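Colleague: I am new to reading models. Could you take me through a ligand site and a helix?

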Amino acid sequence: MRVKNLTVMGSGSWGTTFAKVLADANPEATVTLWARRDEVAEEIATKHTNSGYLGDLTLPFNITATSDAVAALNGAEMVVLAVPAQTLREQLTQWADAIPADAVIVSLMKGLERGTGLRMTQVVQEVLGTSDDKLVVLSGPNLAREIAREEPTASVVACSVTETADAVAQACTAAYFRPYTNRDVIGAEIGGIVKNIIALAVGMCDGMGMGDNTKATVITRGLAETTRLAVAIGGKAETMSGLAGMGDLVATCASSLSRNYTAGRLFGQGLSMDQVTSKMTQVAEGVKSCSAVLELAHENGVDMPIAAAASKVLDGSVPVIKMPKLLLDRDLKSEERNQ
Ligand SMILES: NC(=O)C1=CN([C@@H]2O[C@H](COP(=O)(O)OP(=O)(O)OC[C@H]3O[C@@H](n4cnc5c(N)ncnc54)[C@H](O)[C@@H]3O)[C@@H](O)[C@H]2O)C=CC1
Ligand SMILES: O=C(CO)COP(=O)(O)O
């Protein structure tokens, strides 16, 4: 995709880092970042830093920033969405008239809407009426800070229409960032949503002092329940073995850079929801998506014991110390046929 105007809505950790990827991939293009706060837009536009999220990292000079959403969206050929999942509907409703009708919409978000159980691309379709050929998900093992440092990373660009996926992949290929295409939008989104919840559960176990056997067990069985959900709602099992499934799950569950893993650790150390929330300055999507994921699973007859156990810790109905018992006191099952 030969693009001149790319816009990223959301100047947090990932929005800013992905703007850098786009700017590095398209040195001739202008990448416009929309920031909610005037001072963040001002800092990015004048100092080429976003110190609140990325320290002293200097951003490419073809990134510009504004807190005026209409100005940010003017003439955009590609609109990248990078706000917390639960705020997307409200934001999009405000932006709808300013989003060019022919723009490709790319979602970076890894949350499920509470109350509706909709994935982010479904929210986009409801609010903007975007057709499938213009709707893309980018998801994978993409810890923003590592990509900002230009450490080699791969990701998945998913769109049901191959040509669009190819074009977006082209537009975000940088020396340190390699996208693979996939037509499985549902699988790519579910992989990103559920791994946050599994990372919360792994963090809880780590916070309680458990070791690597426990971690490997929760990761592996977490992937099994993620796959069950993805397949039940129309995603592909193969996607779960790829970057947007296993890849992201491993990166998130292994990394202290992950906000979900970190929040889980704090719960594991016995902190309450209020105490954890007060320590978090960035979004940990799994905390809010967990109940919505369980509702979606229930509607589709899918068993998700790890997410269910994490949810009980999150809502305070079970003390974290009792979580392992919830996972172990279950009927024995065969590992075959992904039960
Ligand atoms: N940080 C990462 O490494 C990655 C994050 N993601 C996903 O990208 C999405 C965005 O994450 P981050 O940029 O990391 O989050 P963040 O917490 O760093 O930044 C969120 C951005 O949204 C803005 N925001 C906060 N509340 C808002 C509201 N009520 N209305 C509008 N804007 C609001 C903030 O000002 C900030 O600019 C999430 O869904 C996350 O799961 C995906 C891959 C990697
Ligand atoms: O999605 C991510 C890595 O791929 C980032 O994970 P956290 O949101 O838990 O930081």
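This is a predicted model: local features need pLDDT of at least 70, side-chain atom pairs count only at pLDDT 80 or more; totals for chains, interfaces and linings use all residues.

Colleague: Which residues come nearest to ligand 1?

Modeller: Being near means having a heavy atom within 4 Å. Of the 22 residues around ligand 1, the nearest are Ser13, Gln91, Ala144, Val283 and Glu285.

Colleague: Which polar atoms lie by the oxygen atoms of ligand 1?

Modeller: Look for polar contacts: here, pairs of N or O atoms within 3.5 Å. The side chain of Glu285 has an N or O atom 2.6 Å from a ligand 1 oxygen. A polar backbone atom of Val283 is 3.0 Å from a ligand oxygen. For Lys110, a backbone N or O atom also lies 3.0 Å from one.

Colleague: Now the helix. Which residues of α6 are buried?

Modeller: Buried means under 20% relative accessible area (1.4 Å probe, protein chains only). Helices are DSSP runs of H or I, at least four residues. In α6 (residues 120-128), Met120, Thr121, Val123 and Val124 are buried.

Colleague: Why do they line one face?

Modeller: An α-helix has 3.6 residues a turn, so residues three or four places apart point the same way. In α6, the buried residues fall within an arc of 155° (directions from the helix axis to the C-beta atoms), so they line one face.

Notes. Residues are numbered from 1 along each chain as its sequence is written. Chains are lettered from A and ligands numbered from 1 in the order in which they are written. Side-chain values use heavy atoms; hydrogens and water are left out. A polar contact is a pair of N or O atoms within 3.5 Å; within protein, one must be able to donate a hydrogen and the other to accept it, and residues adjacent in sequence count only if both atoms are side-chain atoms. Buried means under 20% relative accessible area, exposed over 50%, partly exposed in between (1.4 Å probe, protein chains only). Helices (H or I, at least four residues) and strands (E, at least two) are DSSP runs, numbered from the N terminus.
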